[in-house]
Amino acid sequence: MAHGPAPGIGRWLFTTNHKDIGTMYLWFSFAMFFVGGLFALVIRAELFEPGLQIVEPEFFNQMTTLHGLIMVFGAVMPAFVGLANWMLPLMIGAPDMALPRMNNWSFWILPFAFSMLIGTLFMPGGAPNFGWTFYAPLSTTYAPPSVTVFIFAVHIMGASSIMGAINIIATILNMRAPGMSMMKMPLFVWTWLITAFLLIAVMPVLAGVVTMMLMDIHFGTSFFNAAGGGDPVLFQHVFWFFGHPEVYIMILPAFGVISAIIPTFARKPLFGYSSMVYATASIAFLSFIVWAHHMFTVGMPLAGELIFMYATMLIAVPTGVKVFNWITTMWRGAMTFEAPMLFSIAFVILFTIGGFSGLMLAIAPADFQYHDTYFVVAHFHYVLVPGAIFSITAGVYYWLPKWCGKMYNETLAKTHFWIAFIGLNITFFPMHFSGLAGMPRRIPDYNPLWADWNMISSIGAFLFGAAQVLFLFIVIRTIFSGRPASDQVWESAEGLEWSVASPAPYHTFIKAPEI
Amino acid sequence: MKTQADKHIQRLSFKLALLAFLMFMFCLFVLPPLYQLFCEVTGLNGKTSNQAYIAKQDIVDHSRNITINFIAVSHNNHIWTFSAPEQSLVVHPGQITTTKFRVENTSGRWIAVQAVPSMVPINATNYFNKTECFCFNRQILAPGEQSDLGLQFIVDSELPKAIKSLTLSYTLFDISEASSKEIQAEQQHRIGLNLSRVDNLITLPNASEQNTEGNAYGR
């Protein structure tokens, strides 16, 4: 059985190995991260000054739409699935994922989905231009013809995510090494288990909502068409019933990564393990009953506003438990500040800032003022960039030595961290102010009143983009010329993944480990 | 050869796939009707009933005055003009009242339009009873035709006491593309009854030609 990878391109096309598939997921998401980042820079370049300088408004709208879709479905989600593929079997002592062939398929349909989505840019009428939330009837009656391609691409992404989620649940529930009880699993495994259930519950809803759009556009139904007896507000309800759990799909695995890294570099076990598990589960549950806080301004009755407002604020409680636990883990720990730890600490601080602006937005009467302004943009970028992106970056630095057997350059990685940290705050912090001053989202030209904040944001965005190019350079440099890493890699890292050699052999845990 | 563990994985994966499939069906076939039902019962989306109300012998409550404001909203307003000549009326609960909305087809083709109602405050929605309304059916308009669209209603005497005024808005939507058959039937009907004005009759063949072209383009 102890054979290595197949030679040539066939290794990647036909592989059923969780490490190969994890690697492909990670590289794919890295590529999409740069595509989505490029689109973001087009947006920021246009917004550098008021007035129209670089792109037409139609193209600007296509950029905001594709930036959002690619970052959510192409960069963040596949990156976490990649981490799951690589790390879950290693963490629970399994030889591979439970359904290796489906694993191959769920990866390989993704490049097709995103080629189609990006290909819409070259279609007559241009790419989708209705924002990543694709509200009907903007995305049905008034959409460019490419919307049909967009719908097909979303169906494929959904299928990929659902297959990935089934695989992850089947692996975690069936393939743990003997002695690895549920409450002994690393938190990354727990958060992914819960995320996978969220995916199975809501990705079909996304598929359903785009199917309804498809039928409205081509088959004469009127789900969202008021003239035919439908209701556009129904779209928002269904979309956000998917959309709110979706934002937790993008952050729960991040909680798992951070909960693995902070104990290692604080040299203390994670504080409050079981409360972390319960907090994650409560956040997942609450995510299903808060969707209408995205739609406070559609004209809900007072009772509805209040219910969704209080339910939303309730999420701060389990999230607060988590932040408390991370801080308490660091408290009086023998901390060192290697790159993964720097990214994790920045995660805790900046994600909390994003959480606070989220609380502000949860206040229904205040939300009427903030709704659809740059304040919202600032909020969700503060939870997604230092939340999802920083935790993925931290995870890559943390596990890269295990993946390729080489150590990255610490000085370069710290430089990457500081440029990214400063760039991120310069980009997104001023958006709070331009938003409070009234700047609406998704506009290519704006009142000169907001010119200064926008110029600062744009400078920060290019700085942040440069930091990510450095990240790519560091990863490539590590793979080709890093110094060899030890099996343990980090002084006090704990978990089964550190018990295998560095780089991790092609097949691990063929015989279940002793726990 | 299948081990016990393989069977467990298969069974679990099948259950999870079934769950995903059921969620898809739930979203497609259960959520929209459920939403419509919820809105009908609560009146939360401001949609008044699209069924004619059978007027019952009701006592007119002269002690209460309810102001009703009418709003006419046009989409695609280069095709028609739509207005509410009587911007507001004061009525008593239980009293049968009639008003008109005015529409004029300013385009050179036959059109079909559908009016969609919306009402605030939303808790009045289920107390606004329409015995006759142009919104129950699509309206077909010849080129240049002007039409007064009738609405007859009774405000229910059960209307919550706190409500002193309510606003009813109608939005007109262009549904010509989906109603080509009905438009043709209406054209035939009017030729048969000779109801149309003479100039309309002259423009008819031309208009129907345009209409067919429009459909070919639409497909």
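Mentor: Let us begin with a definition: two residues are in contact if their C-beta atoms, placed from the backbone, lie within 7 Å. By that rule A:V189 touches A:L88, A:M91, A:I92 and A:I172, leaving aside residues up to four places away in sequence. The model is a predicted one, in which local features need pLDDT of at least 70 and side-chain atom pairs count only at pLDDT 80 or more, while totals for chains, interfaces and linings use all residues. Residues are numbered from 1 along each chain as its sequence is written, and chains are lettered from A and ligands numbered from 1 in the order in which they are written.

Trainee: Which residues touch the most other members of the largest nonpolar core?

Mentor: A nonpolar core is a set of buried Ala, Val, Leu, Ile, Met, Phe, Trp, Tyr and Cys residues joined through C-beta atoms within 7 Å. A residue is buried if 20 or more other C-beta atoms lie within 10 Å of its own, exposed if 12 or fewer, and partly exposed in between. In the largest core, of 178 residues, A:V189, A:I200, A:V209 and A:V238 touch the most other members. A second, separate core has 37 residues, including B:F82, B:W110, B:L149 and B:L166.

Trainee: How many helices and strands does chain B have?

Mentor: Helices (H or I, at least four residues) and strands (E, at least two) are DSSP runs, numbered from the N terminus. Chain B has 3 helices and 9 strands, in the order α-β-β-β-β-β-β-β-β-β-α-α from the N terminus. Of its 219 residues, 27% count as buried.

Trainee: How is the packing of two helices described?

Mentor: Two packed helices are described by the angle between their axes and the distance between the axes. Axes are lines fitted to C-alpha atoms, for helices over the stretch in contact, and angles run from 0 to 180 degrees between N-to-C directions. Here α2 (residues 18-46) and α17 (residues 451-481) of chain A pack at about 160 degrees, with axes 9 Å apart. Angles over 145 degrees count as roughly antiparallel, and α2(A) and α17(A) are therefore roughly antiparallel to each other. Among the residues of α2(A) in this contact are A:G37 and A:L41, and among those of α17(A) are A:A461 and A:F462.

Trainee: Which element gives the largest share of the side of chain B that touches chain A?

Mentor: The contact takes 25 residues from chain B and 27 residues from chain A. On the side of chain B, the elements that give two or more residues are α1 (4-42), β5 (111-120) and β9 (165-174). The largest share, 16 residues, comes from α1(B).

Trainee: Which backbone values deserve attention?

Mentor: Most residues other than glycine have a negative phi, and most peptide bonds are trans. In this model a cis peptide bond joins A:S502 and A:P503, with omega about -5 degrees, and A:P503 is in the segment after β2 (483-484) of chain A. The bond from B:V120 to B:P121 is also cis, with omega near -10 degrees; B:P121 lies in the loop between β5 and β6 (128-133) of chain B. A:R442, although not a glycine, has a positive phi of about 55 degrees, and is found in the loop between α16 (410-436) and α17 of chain A.

Trainee: Is A:R442 buried, exposed or partly exposed, and why?

Mentor: A:R442 counts as partly exposed because 17 C-beta neighbours lie inside 10 Å.

Definitions and conventions
Parallel < 35°, antiparallel > 145°, perpendicular 65-115°, else oblique.
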